[in-house]
Amino acid sequence: MREALTRLLYSRYPVLFAEHRLDAAETGMAWGFQHDDGWFALVDALAAVITSYAPMAVAQQVKQKTGALRITLREGDAFVRGACAAAERFSRTISEVSGRRGILMVGRQGRWLKTLAPGEIADFVPVRPRTADPAAESLSDEEIDDGREPYAETLYAAGEAAFHEAMARRRHPVTGDCGPVNDRGEMVAGGEDQ
C-alpha cells in the first residue's frame, strides 16, 4: 500500500499497528501493509472495529494471501476472530488494486492469486468457481472454543456484524465500490486526486 495510506492507518490506530516500528525478525508489521491500495477501506473498517472492542489489541501482520486479506493479531477473542473472518471473506469481492468490485483471479502462469476487477491487470484471468462445500462454511474448532468462551458463537457473529456495519459506511451506495481512495483515505470517482 502506498506510503500516504500506510501513515494514515498508523496515525488512526497507533496501538493496533504499533509493531510497525519493530524489526522484521520480531513481527510481520515491520514490512507494513503487504497488499495494494484497494483494500485500504477494509483495513480501516476492520481496525476501527477491533480498536473499539479491544483498544489494546496489537496486529502482527496485515497482508494478502491467496487473494484474500489476512490479519494476524497477538490476541483476540471470538468477536475479533469473527470481524477478521468477515473482512477476509469480504476481501474476496473487492479488488486489491482499485477497491472496485472484484473477483478472484489467477495469473496466466498459474502462480499468483489476486482479487481484481475484470480486466484490471493484463495476464490475470478469473479462477473457475468450485462447487460450494457446506462444511467449509461452518466455524472451525479454532474459531469457536466453547470451553474457553461460553458465548463464543454469539461473539463471533457480533464481530462479523460489526465489521459489515463499519464497511457499509465505506462503500459507494450504488456500485458497492470502496475505492479508489486519495491520500486522505477518501473515495474518489474515476481515480483522480490520488
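Is Phe-33 buried or exposed at 5% relative accessibility? Phe-33 counts as buried, where buried means under 20% relative accessible area, exposed over 50%, and partly exposed in between, with a 1.4 Å probe and protein chains only. Hi everyone, let me walk you through the rest.

First, the ground rules. This is a predicted model, so local features need pLDDT of at least 70 and side-chain atom pairs count only at pLDDT 80 or more, while totals for chains, interfaces and linings use all residues. Residues are numbered from 1 along each chain as its sequence is written, and side-chain values use heavy atoms, with hydrogens and water left out.

Now the overall layout. The protein has four helices and six strands, and from the N terminus the elements go α-β-α-β-β-α-β-β-β-α. Helices here are DSSP runs of H or I with at least four residues, and strands are runs of E with at least two, numbered from the N terminus. Of the 194 residues, 44% are buried.

The whole structure holds six aromatic pairs, meaning Phe, Tyr or Trp rings (the six-membered one for Trp) with centres within 6.5 Å; planes under 30 degrees apart are stacked, over 60 edge-to-face, and the rest tilted. Phe-17 and Phe-33 have ring centres 4.9 Å apart and planes at 80 degrees, so this pair is edge-to-face. Phe-17 sits in the loop between α1 and β1, and Phe-33 in strand β1, 16 residues apart. Phe-17 is buried too, at 1% relative accessible area. Ring pairs also bring in Tyr-10 and Tyr-13, giving a cluster with Phe-17 and Phe-33.

A second pair is stacked, because the rings of Tyr-53 and Phe-79 have centres 3.9 Å apart and planes at 20 degrees. Tyr-53 belongs to helix α2 (residues 40-53) and Phe-79 to helix α3, so the pair ties together parts 26 residues apart in sequence. Tyr-53 is partly exposed at 34%, whereas Phe-79 is buried at 10%.

On to the sheet. Three strands form an open sheet in the order β5-β4-β6, with antiparallel pairing; two strands pair if DSSP finds at least two bridges between them. β5 (113-116) and β6 (124-126) are at the edges with a single partner strand each, so one side of each has no neighbour in the sheet. Strand β4 (residues 103-107) is joined to β5 by four bridges, and Met-105 stands opposite Lys-114 in β5.

Lys-114 takes us to charges. What does Lys-114 form with Glu-96? The two make a salt bridge, with their closest N and O atoms 3.2 Å apart; the rule is a side-chain nitrogen of Lys or Arg within 4 Å of a carboxyl oxygen of Asp or Glu. Both ends are buried, Glu-96 at 2% and Lys-114 at 14%.

By that rule there are 14 salt bridges. Another is Arg-74 with Glu-19, at 2.6 Å from N to O. Arg-74 lies in the loop between β3 (68-73) and α3 (78-91), and Glu-19 in the loop between α1 (3-12) and β1 (33-34), so the pair ties together parts 55 residues apart in sequence. Here Arg-74 is partly exposed at 43%, while Glu-19 is buried at 8%.
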